[in-house]
Amino acid sequence: MDEKPPLFTRLFALRSLFLWGNVILFVVFGAVMVSDQIRGWKGYQKDFKARELTRTKDAIASAQTDDDKMRAADEYQAAQRIPMEIRQIVAPDFDAVDRCVTCHLGFDPLGNPSLSTEYKEHPFKATPNTAAQSIHLAHNVEKFGCTVCHGGQGTATEVKAAHGEVLHWEQPLFKGTLLQASCAKCHDNLADLKVNGAVYASEIIRGKKLVREHGCIGCHQIAGEGGPISVDLRDETSIKPLSRIDFAYTGLEHEDWTLANWIKVHFTKDPAQLVPGDPRGEFNTEPIAPSAMPPYILPEADADALTAYILSLNRSKILPQYLRPAPAAPEVASSNPVENGRQVYEKFGCAACHGPDARGGIRNYNYQWGGTPNLRRSVPTFTREEIREKINDGVAFVARNDPHGPNPPLYMPAWKAKIKGQELENLITYLQSLRD
Amino acid sequence: MKKIEKLFEELTNTQVWRSMFRGGTWKNNARDRAQHILGNVWLHLHPARVRPRSTRFTYTWGLGGLSFLLFLVLTVTGIVLMFYYRPTPELAYRDMKDLEFVVSLGKFMRNIHRWAAHTMVVFVILHMVRVFLTGAYKTPREFNWGIGVVLLVLTLFLSFTGYLLPWDQLAIWAVTVGTNMASATPFAGAEGPFSSLLGVGLKNDARFGLLGGTAVGSATLVRFYVLHCIAVPFLTGILLIVHFWRVRKDGFSAAPYPNENPQQKVETWPNLVVREYIGAIIMLIFLVAWSLLQNAPLESIADPNVTPNPSKAPWYFLGLQELLVYFDPWIAGVVLPGVITVGLMAIPYLDPDPTKGVGYYSFKERPFANIVFLTGVFAWFALIVVGTVMRGPNWAWYWPWESWLMHKPPDPPTHSLPLFLGVGMIGIYFGLGMVLPRLIKAQFAVRSAIIKVFAGSVMVALIVGVLPGFSFIQGFWVAFGLFIYLVGGVILPTSYLKTISNLRYAVCMVLLLLFIGTFLKVALRLGFNVKYVVAIPQVSLNI
C-alpha cells in the first residue's frame, strides 16, 4: 500500500521546490513591477484630471452664450488631453530640477499662465492670495523653479521626500514667517518690496531690529562684523550642517531636527541648557563652560522673526545677476555726544553683556564676581584714559571662581579695530554720564 | 498533457531548434543527458557525471555557485544602472535621486545591486570557509585556493569602489576612512613607517595614487567608477574563468571515501543542475523580496567639509577599523590585511598532511587547522560586529540600546612602553615563540593540557586580581593572553606541527605568532592602557 510521505518531505521534494520556487519568484517580481507602477503622484494627477473634467463639463452646462459654450468645450477637450507624466522645471541658474509641479498642477506655467486656480486645497490650489500671485508673477516659475524660495527637495516625487521632511535632507519647506528668509537671499531692498502697499518681508526687517536691540553682535559676528565671543551668524549659523548640531538637550522630536528649529530654541529656551558644555571636564580634557547666551525666552513671533532673519543671511548658491543690492540705510548719528554714545553702545551690541541700561549682571559661568560688571558703578572708578584702554584692548582673561572650573565664557574683547575716533570718545562720554 | 508533450517534441525537432542545441532527437537517455552537459557552453563547466555526494546540498551549500550568481546579478543590474549614472560630483548624487524618484524600476535596480553586493561579500567568505572545512584546498587544488583568495580580495575591492559612486556622505566618508589606510603603508604611504626616508609625502604616496588627489574628489570618483565598472570586473571575470576551469580540471572536491567505489557517479543533468537552479531561484527570491522591502541607503550629498561622527568604513572593513583602537594604521590597515591574505594563500602549502580530511567535514582529523582557521573567522566577524553595532560618536563604546546623544567620557590616557622593554618583549615573544614548540619533546594529551592551562589561567587571573595595584579586569586580560598564547602558540603547534619540514614550520609559526600577537596587543591595550609596545617616532614606526 502506498503511504503518503510526510508533508515536510513533500514540500521539500525537488519537484515542488522547483515549482514553488518559480511561482514565488514570479510573484515577488510581479510585486516589484506593481509597486513601481503605483506612485503617489499618479493619484494626484488622476484626481486633478477628474476635477478638471467635472469643472469644464459644468462650465459647458452653465454656459449662456455660444461663445462661452465653445470656450468651455475647448477647455473640456484640453482637460481630456491632460497626460499622465512627471513634470519638472529645470532652473539651471539655481542648480534646480523641481518636480513640484508633478503634483502641484495648479502651478503648471504652460497650462495655467495666470497661476491661479479655483481649487482651495493643496496640491491643486495656486496663489492663495493676491500677494502670492504678484510675487509668483514677478519671479517667472520657469526660470526660478520652486525650491530656491520654498525649500524642499525638488527632485523628489513623493510627498514627504519632496517637502524635505525626511532624514538626510537638510532643507525642509520654508513655512510661515520663515518663507520671508528667501526674499532676503537676493533682496537687500526689503523695505521697498511692497505687496498691496504693505512691506512683504516685514518679519525679516523686524528680526534685524531685534538683533540690534538685544545686542547680538556684541558676541556674534554677522559676516565679520561684531564681537568674537561666539560664532558668526552668517558664515556659520545660517549654513550649519545638521550633523554638527547636538540636539540632545533641545527636547525636539527627531523629525523636528532642523536648522530653523535649532536656531529658534535659542530664543525660546535657556541656551545654557541647550549647550551645557562640559563644566566638570568629564568628556573633554579641559572643562568647557555652558553657553553664555542669556536666556531671552522671547515670544513665539519674535523668535520666528529672529530665526527667519538669521536664515536669510545664507547667501549660498545665488548667482550675482540675481542679487538686488541696496545701499545700507543711512545712520542717523546724533550730534549730542551722550546721545551718540548711547547709539554706539547699541550699535556694537554692548548691551548683550552689559545690559541695555549698562547695569550688567548678565550671567557668566564660573566668573569670580558672578554677573558681568555694572558699568554705572565701575566706570566712575576709572579715568577716561583707563576706560579708553579697556575698550581698546579688552580684558581677555577674567578671574575664575573655581580654579579647576572652565574659563568664564564671557570676556571683554578688544574693540580697537571696530570702535574708534569720535564714536569711541562719545561712547566714553556716554558711559561717564551714567550714574546708579 | 499528451498534446503539450507532442507539441514540445515537434518544436525540438524543428530545424531552428536543432541548430541552436546540439545533439539529435531528445530521447532522454543517459547519452542524451551527458550530451546536454557537454554540448552546452555554459553547462559544460560541469562534468557529465558527478559523485552523488556533491549533489547533496549540505556538502557545498551551493555557496560557490551562488557567489557566481550574485556576480551575474550585480553585472546585469550594474549595466542597467550605468545607463543612468554620470560619475561627476555635480551629477552623481542627482542621478541617485532620479533613480529613486523617476526612473522606472530605478529604485529596485539600485536596491538589488546594493543588497546583492553585501550578500556576495558574505557568500564569498562563507564559500571560503566551506572549502576550508572540507579540505577542498588540498593537493591538487592549492593554486585554485589561491585564486579564490584573490577573488575574495577583488570582491571586497569591487564593493568598496562601488561604495563611493552614490556620492553621498556615507560614500565619501567610508571611502575616506578606507583610503586613509593606504597612506599608512610602510615606505609607500605619507604617514607610514620609513616613508620619510624615501621622500614619500602627501602628493606622491599610495593614497594619492588611489584618490588621484590628496582628498576624495572628482578625480577619485572617475577612478573608482572605472575601477568598479570596468577594471576590477574585467580582472574578476578572468580569474573566475581560471577558477572554474581549475575546479573542473582538478576534479570536483567531493573525493571518494577510502572505501567508496570511485566510479559510482550520477548524471549531472538533471541531478546537479536542478539543485543549482533551485538554489539560484531561492537566492533571487530573497534578493528581490529584500529589495522590495528595504531601500538602499542614501544620505545627504557629499560634503568634504562636514565629517560625520563617527565616520565608518564599509561594514566588511569595520573589523580592521576597530583594530585601529589597538594598532597604528600601518598595522591594522596594511600589514594585518596583507598578512591575512598571504597567510590564507599559504595554507595549502603549509599542510602537514595533504591527504587527510579531503572532501568531507572533519574536525577530528584536522583539529589544529580547524581551530586556528575558525578562530580567525570568528574574530574577524566579532570585530565587525563590535565596529558596526557597538561604536558611536568618537568611536566610544555604545551598547545597541544606548542613545548616541548620550555623551561618553573619553578612554583613560594611554602610554607607550620604554623602547628597550618593548623591543625586548617582541624579541622574546618571537624568538622564544618560534623555537619553544620544537624544544618540547614530551608527549601529552592535548585536551587535558588545554584544561590544565585553562585552570592555571583562571588561577593567574585571581592572583593578579588581588595583587595590590591591579584589578580583576587586568587579571582577566593577563589570563586571556596567557591562555591563548599557551594553547595556540605552544600546545597546538607542539602536538600538530611535529612532522612538517623546518621551512614550513617556520612560516607557520610566524603566521601563528602574528595572529596570537594581535590578541595580546588588544589585551595590553584594554588591560594596561598600553598604546604602543614599540614607538620610534623618527621613522613613524609604532607597534
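How far apart do the C-alpha centres of domain 1 of chain B and domain 3 of chain B lie? They lie 54 Å apart. This is a predicted model, in which local features need pLDDT of at least 70, side-chain atom pairs count only at pLDDT 80 or more, and totals for chains, interfaces and linings use all residues. Residues are numbered from 1 along each chain as its sequence is written, chains are lettered from A in the order in which they are written, and side-chain values use heavy atoms, leaving out hydrogens and water.

**View 1. Domains of chain B.** Domain 1 spans 2–38 and domain 2 spans 58–253 + 329–357. Domain 3 covers 366–404, and domain 4 covers 419–542. The bounds come from an automatic or database domain assignment.

**View 2. The contact between chain A and chain B.** Chain A gives 39 residues and chain B gives 32 (contact: heavy atoms within 4.5 Å). About 3,100 Å² is buried, 67% of it from carbon and sulfur atoms (accessible area, 1.4 Å probe, lost on putting the two parts together, summed over both). In chain A, A:Leu14, A:His168 and A:Phe283 lose the most area to chain B, together 18% of what that side buries.

**View 3. Salt bridges between chain A and chain B.** The count is three (a side-chain nitrogen of Lys or Arg within 4 Å of a carboxyl oxygen of Asp or Glu). A:Arg99 forms a salt bridge with B:Asp98. Their closest N and O atoms are 2.9 Å apart.
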